[in-house]
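Q: I have not looked at this one before. Can you walk me through it, a piece at a time?

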Amino acid sequence: MAASSAVLSMSKIVKPFWGGRLGNTVVGATLTSHREKSSHTPPPAKYGGRHTVALIPGDGIGPELLNHVREVFRFSCVPVDFEVVHVNSSLGTLDDINNAITAIRRNGVALKGNIETNHTMPPSVKSRNNLLRTSLDLYANVMHCQSLPGVQTRHKDIDIMIIRENTEGEYSSLEHESVSGVVESLKIITRNNSLRIADYAFRLAREKGRRRVTAVHKANIMKLGDGLFLQCCKEVAAGYPDITFDSMIVDNTTMQLVSKPEQFDVMVMPNLYGNVVSNVCAGLVGGPGLVPGANYGRDYAVFETATRNTGKSIADRNIANPTAMLLASCMMLDHLQLYDHASSIRNAVLTTMNETRLHTADIGGQGTTSEVVQSIMRFIQSKGQLTSEL
Amino acid sequence: MAGNVWRSTILNLLRKWGLSINDKNKVKAQEVSRVVGALKTETPQTRTFVRGMQTVTLIPGDGIGPEISAAVMKIFEAAKAPIQWEERNVTAIQGPGGKWMIPPDAKESMDRNKIGLKGPLKTPIAAGHPSMNLLLRKTFDLYANVRPCVSIEGYKTPYTDVNLVTIRENTEGEYSGIEHVIVDGVVQSIKLITEEASQRIAEYAFEYARNNQRASVTAVHKANIMRMSDGLFLRKCREAAEKYKDVKFTEMYLDTVCLNMVQDPSQFDVLVMPNLYGDILSDLCAGLIGGLGVTPSGNIGTNGVAIFESVHGTAPDIAGKDMANPTALLLSAVMMLRHMGLHGHAKKIEAACFDAIRDKQVLTKDLGGNSKCSEFTAAICQRVQDMD
């Protein structure tokens, strides 16, 4: 830890001398090997000191929010270029999404809006988002729900990290109609994936200095499936004696979340319960417009809003809340090791959140998206960093 | 052989109903059919009219069950509700062939009375038999679990304007219990959705909405991911919506419902959904109004059977100490009265209960007070009697 921070400070000294030529390559590589969790991460796609990130606008509010992100990045002179890949969800072919997946493989990192899934289409047309997650094996979905000081909510002091298995479970999309009128849907739980996600959860908990990990399950009913998940969590917990491990049944969890959410610290769970719990927690801290989410795989990382809403009804009306997408882009900058830019944008976003007159409609205000973004950019400029014109 | 048995059964029935047969040939066909027909379509209303008192099977349960059942019986007596209680025990016994079942006298009583009130049942860990709730569900084919969640004035929670009903399919879905180990380390659980079960629950939901003057029904699903299974469920809901044009029908994704539920629960009315989502959402809604200690619940089965129950646990640590809170069982009993059409008594008892809680003088420990269960019960009885 000390070695990597020393290397980090050294890079700050080295950078002004070498300018943009050498960039952080030498120092960056050492940083990578110290800080990255897995040992096989390919180096970030850097060219001339600038990173390239795949950008998938998606549908609904995705395109406009990602435009705002690009605006803020350009304004703050963030050395990130975006490779935009459009995915047309109404087409039946998978070419678009395959292009997007290839772009992400090429770049290693992506920022995306939600791609709409029309559930009236036949079952052969799968959810594009799900396809993206499973093809790239983005096995961990991480969401950090924190009570924001400027936002009025019923509960206070919430600080929960939710780690959700992202590839299997109920989202296996394996369904068949064996007899007419009887449909079977398969929920798959594997030992490997459960161990992997539990390990990720405990490592993240240790890294962030968290004290307690709670596994959410329904093993009293699904004895084999969730039983296996719970057993894997217990096995991994044995290797982390400094972190307390307990488990809770999912219906009790939701009941506790709406009455005493302060009791939870880190939670790990299979896919569907993760969907429910993450949406409940997002609602508790103020809504879908405030929480960023990240999907991590061994080799790739994709950042998006935590609750993955398309927001069709509020699209193109300048009322969407840009906070979630901007915070997601800050998480991406952290992942790319551009920590300074990440913290400056994040501070600007959180400070703007304290100004209630700039709240968007979803958190009870009357501000527009562009007003919020302008205010964020003004704040970044006021901090004295290098920016382009407003 | 069979014919003789059938004939003697008919003769016994006719004798019971006061008809006598001098000559078998002279038995009027319509009399026999009247008897048989009346038995088949016997409805609670008819029986109330005939006898005045309704008989209800009461299953006190374990732990605090007997205390709270006694409390409910006392309150009903004070309210002069026309209910006669028939107490039965449902400890599982092993029938012929090794299959576990509920005692035959309990089954017979339920089949006869059609309405039941149940306290909490303990699920023994290593008894070798499935949980009692599961057994009851299978025996009477209890396909719908109905949980009305209304904010209780006087029991403060962060949510003050909850007024919704969750209707959950109770027989299939993710809880079918079909699991296999495919290879070592890979487990598969099967979620079963059938057309008839989905149709049955959808029609019940709309029927309930109509009977209870609810404006809209929302189907909760995840058809974007589970296209075929939840798609089938949705299709059946849409078909049922066509038949009940007076009730508004909407569909919403499970995650959107969860998100909106914790931000603004007042926007929901009646929610209908498959088993797992129903389990999670109904407990979420119970948490919004104050927990399982104050939430009523009813299970509707085929053949007009309905069992109303309290969904909390047996609380063995406070059993027998007169500390239990009978609110959940009482509100379930009120739900039962409404189901039977005794709205006047239902309103009276419910109002007395809510007034007692709002008054805050005699609350039990879990509601934040210090009183005993008997004191709380007595307060409600007093209020009920004062209302007359």
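A: Start with N145(B), which is found in strand β6, residues 142–150 of chain B. Keep in mind that this is a predicted model.

Q: Is N145(B) buried or exposed?
A: N145(B) counts as buried because its relative accessible area is 5%, and the cut-off for buried is under 20%.

Q: What does the side chain of N145(B) have a polar contact with?
A: With the side chain of N299(B), at 2.9 Å.

Q: And which residues is N145(B) in contact with, leaving aside neighbours within four places in sequence?
A: With that exclusion, the contacts of N145(B) are T166(B), I167(B), R168(B), N170(B), S297(B), G298(B), N299(B) and E309(B).

Q: Zoom out. How many helices and strands does chain B have?
A: Chain B has 13 helices and 14 strands. It is made of 388 residues, and 53% of them count as buried. Taking contacts in chain B between residues at least 6 apart in sequence, 72% join residues at least 24 apart.

Q: How many helices and strands in chain A?
A: In chain A there are 12 helices and 13 strands. Of its 390 residues, 56% count as buried. For contacts in chain A with a separation of 6 or more, 75% come from residues 24 or more positions apart.

Q: Pick a strand in chain A for me.
A: Take β5(A), which is mostly covered, with 5 of its 7 residues buried. V142(A) sits in this strand.

Q: Why does V142(A) count as buried?
A: Because its relative accessibility is 4%, and anything under 20% is called buried.

Q: What is V142(A) in contact with, leaving aside the neighbours within four places?
A: The list for V142(A) is M161(A), I162(A), I163(A), Y200(A), L204(A), P292(A), G293(A), A294(A) and Y296(A). One of these, I163(A), is 21 residues away from V142(A) in sequence, with 4.7 Å between the C-alpha atoms.

Q: Which strands do bridges join to β5(A)?
A: One is β6 of chain A, residues 159–165, which runs antiparallel to β5(A) and is joined to it by 7 bridges. Another is β12 of chain A, residues 292–296, also antiparallel, with 4 bridges to β5(A).

Q: What stands opposite N141(A) in β6(A)?
A: R164(A) does. On β12(A), the bridge partner of N141(A) is N295(A).

Q: Now the two chains together. How many residues does each bring to the contact?
A: Chain A brings 56 residues and chain B brings 49. On the chain A side, H119(A), R154(A) and M255(A) supply 16% of the area that chain A buries against chain B, more than any other three residues.

Q: What area is buried between chain A and chain B?
A: About 4400 Å², and carbon and sulfur atoms give 64% of that.

Q: How many salt bridges between chain A and chain B?
A: The count is 1 salt bridge. K218(A) forms a salt bridge with D279(B), and the closest N and O atoms are 2.8 Å apart.

Q: Which elements of chain A each supply at least two residues of the side that touches chain B?
A: β7 (169–179), β8 (182–190), α7 (225–238), α8 (250–259) and α9 (271–285). By class, that side of chain A has 24 nonpolar, 21 polar and 11 charged residues.

Q: Which strand of chain B do bridges join to β8(A)?
A: β9 of chain B, residues 186–194, with 9 bridges, and the two strands run antiparallel. For instance, I188(A) has Q188(B) in β9(B) as its bridge partner.

Q: Change of topic. What about phi of D137(A)?
A: Phi of D137(A) is near 55 degrees, which is positive, and the residue is not glycine. D137(A) is in the loop between α5 (128–135) and β5 (140–146) of chain A. At a relative accessible area of 30%, D137(A) is partly exposed.

Q: And phi of D322(B)?
A: Near 60 degrees, a positive value in a residue other than glycine. D322(B) lies in the loop between β14 (306–310) and α11 (327–340) of chain B. D322(B) is partly exposed, since its relative accessible area is 22%.

Methods. Residues numbered from 1 in each chain as written. Chains lettered and ligands numbered in written order. Predicted model: local features only at pLDDT ≥ 70, side-chain atom pairs only at ≥ 80, totals over all residues. Heavy atoms only, no water. Contact = heavy atoms within 4.5 Å. Buried area = accessible area lost by both parts, 1.4 Å probe. Salt bridge = Lys/Arg side-chain N within 4 Å of Asp/Glu carboxyl O. Nonpolar A, V, L, I, M, F, W, Y, C, P; charged D, E, K, R; others polar. Pairing = 2+ DSSP bridges. Buried < 20%, exposed > 50% of the residue type's maximum accessible area, 1.4 Å probe, protein only. Polar contact = N/O pair within 3.5 Å; in protein donor to acceptor, adjacent residues only side chain to side chain.
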